[in-house]
Each structure stands twice: as structure tokens, then as C-alpha cells.
Amino acid sequence: MNFIVMLIVGGVAGWLASIMMRRDGNQGILLNVIVGIIGGFLGGFLLPMVGLNLGAGWVGYLITALIGAVVLLLIVNLITRGRAR
């Protein structure tokens with residue numbers, strides 16, 4: 001059951017991050033899920049390094065994955081377009 005929740009939360013986080021970074025026209029649902037899941041791992045790695053703990057539960061996981069997905073898309077924008085937007 002945790003795997004299904006991870007896919008749903010990752011998909012929502014990836015979709016929200018793609019809208020925030022204006023990449024929603026370039027990505028499909030599968031790429032949104034992948035970005036959200038990788039963003040969840042990235043956020044889970046980076047947030048404790050800066051002293052943030054968003055707690056347990058799906059809301060904390062969603063915010064962590066959203067922050068990580070935005071950072072991931074920012075890095076992708078810098079590499080592919082040469083600038084962040």
C-alpha cells in the first residue's frame with residue numbers, strides 16, 4: 001500500500017512542481033510521477049541538511065517531495081536552457 005501512496009503523492013508533487021516551474025506542457029503524467037518520486041528522495045536528503053523537518057504523514061511527504069521536485073526541475077532548467085525561470 002505504501003508504494004501506491006508514494007506514486008500518488010509523487011505524481012501530485014511532480015505535477016504541482018511542473019506547474020510552478022512552467023514545464024507542465026512538456027511533461028506527461030509518467031514524467032510527473034518520476035519527477036515527484038525523485039524529488040521526494042532529493043527533498044528527503046536536502047531538507048534535514050538545512051535543519052527542516054516537516055514531520056510524518058502524507059502532507060509532510062507531499063511538501064518534501066514538492067520542494068525536492070522544484071529543486072530538480074530548477075536544475076534541469078539550468079542545464080537544458082541555461083537559465084532558471
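Helix 1, helix 2 (29–49) and helix 3 each contribute at least two residues to the lining of the largest pocket. Helices here are DSSP runs of H or I with at least four residues, strands are runs of E with at least two, and both are numbered from the N terminus. The structure is a predicted model, in which local features need pLDDT of at least 70 and side-chain atom pairs count only at pLDDT 80 or more, while totals for chains, interfaces and linings use all residues. Residues are numbered from 1 along each chain as its sequence is written, and side-chain values use heavy atoms, with hydrogens and water left out.

The lining of the largest pocket consists of N2, V5, M6, V9, G10, G36, I37, G40, F41, Y61, T64 and A65. A pocket is defined on a 1 Å grid over the protein atoms alone as an open set of points where a 1.4 Å probe fits, with protein on both sides within 12 Å along at least five of seven lines; lining residues have an atom within 4 Å of a point. Helix 1 gives the most to this lining, with five residues. By class, seven lining residues are nonpolar, five are polar and none is charged. In this scheme Ala, Val, Leu, Ile, Met, Phe, Trp, Tyr, Cys and Pro count as nonpolar, Asp, Glu, Lys and Arg as charged, and the others, Gly among them, as polar. The space in the largest pocket is about 280 Å³, a volume being the space filled by probe spheres set on the grid points, which are joined across faces, edges and corners.

The largest nonpolar core has twelve residues: V9, A13, A17, M21, V35, L62, A65, L66, A69, V70, L72 and L73. Helix 1 and helix 3 (58–81) are the elements that give two or more residues to this core, and helix 3 gives the most, with seven. Such a core is a set of buried Ala, Val, Leu, Ile, Met, Phe, Trp, Tyr and Cys residues joined through side-chain atoms within 4.5 Å. Buried means under 20% relative accessible area, exposed over 50%, and partly exposed in between (1.4 Å probe, protein chains only).

S18 lies in helix 1 (residues 2–20). With a relative accessible area of 0%, S18 is buried, and its side chain reaches the backbone oxygen of W15 at 2.8 Å.

Overall, the protein chain comprises three helices and zero strands, in the order α-α-α along the sequence. Of its 85 residues, 34% count as buried.

How values were computed
Polar contact = N/O pair within 3.5 Å; in protein donor to acceptor, adjacent residues only side chain to side chain.
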